[in-house]
Amino acid sequence: MAYDEVLAERIRDALGPVLPDVTERKMFGGLGFMVSGNMAVAASGQGGLLARVDPAETPELLCRDFVATMVMGGREMRNWLRVDAAALEDDAALEEWVGRSVAYARTLPPK
């Protein structure tokens, strides 16, 4: 399954004006949005959004409907959540996830 191009465009809109440290990269069937070389958020090739979050916030965020730990190759990926498309129908909800993910990616050293 290819990533949702409409969702990718909505992510671009949520990112706002093009910033010099935000780039896009196709990977694993999805489209990742990188901040200073660190992946922040992605339109998943399996549908929905992949969001990189602060590990301290993960337990609280996992209590939300349509949110689960991201699993890749049978392994749970620390700091990554899979957000089902049903939780992203509202632009404000998508903007919250994108903003949270970009903010966390900005705390990481540039690559």
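A polar contact is a pair of N or O atoms within 3.5 Å, where within protein one atom must be able to donate a hydrogen and the other to accept it, and where residues adjacent in sequence count only if both atoms are side-chain atoms. In this sense a polar contact of 2.9 Å joins the side chains of Arg100 and Glu96.

The model is a predicted one, in which local features need pLDDT of at least 70 and side-chain atom pairs count only at pLDDT 80 or more, while totals for chains, interfaces and linings use all residues. Residues are numbered from 1 along each chain as its sequence is written, and side-chain values use heavy atoms, with hydrogens and water left out.

**Overall architecture**

The protein has three helices and six strands, where helices (H or I, at least four residues) and strands (E, at least two) are DSSP runs numbered from the N terminus. Along the sequence these elements follow the pattern α-β-β-β-β-α-β-β-α. The radius of gyration is 13 Å, close to the 13 Å that the globule rule gives for 111 residues, so the protein is as compact as a globular protein of that length; the radius is taken over C-alpha atoms, and the rule is 2.2 Å times the number of residues to the power 0.38. Taken along the principal axes, the C-alpha atoms fill a box of roughly 35 × 30 × 30 Å.

Of the 111 residues, 38% count as buried, with buried meaning under 20% relative accessible area, exposed over 50%, and partly exposed in between (1.4 Å probe, protein chains only). Among contacts (heavy atoms within 4.5 Å) between residues at least 6 apart in sequence, 54% join residues at least 24 apart. The protein exposes about 6,300 Å², of which carbon and sulfur atoms supply 54%, the areas coming from the Shrake-Rupley method with a 1.4 Å probe.

Arg100 lies in helix H3, which covers residues 91–105, and is partly exposed at a relative accessible area of 21%. Besides the pairing with Glu96, the side chain of Arg100 makes a polar contact of 2.8 Å with the side chain of Glu57. When neighbours within four places in sequence are left aside, Arg100 is in contact with Arg52, Val53, Glu57, Leu61 and Arg64. Pro110 is ten residues from Arg100 in sequence, and their C-alpha atoms are 18 Å apart in space.

Ser44 sits in the loop between strand E3 (38–43) and strand E4 (49–52) and counts as buried, at 4% relative accessibility. Its side chain makes a polar contact of 2.9 Å with the side chain of Arg82. Not counting residues up to four places away in sequence, Ser44 touches Tyr3, Asp4, Gly30, Leu50 and Arg82.

Phe28 is placed in the loop between strand E1 (22–27) and strand E2 (30–35), whereas Phe66 is found in the loop between helix H2 (58–61) and strand E5 (67–72).

| Residue | Phi | Relative accessible area |
|---|---|---|
| Phe28 | near 55° | 68%, exposed |
| Phe66 | near 70° | 48%, partly exposed |

For Phe28 the phi is a positive value in a residue other than glycine, and the phi of Phe66 is likewise positive in a residue other than glycine.
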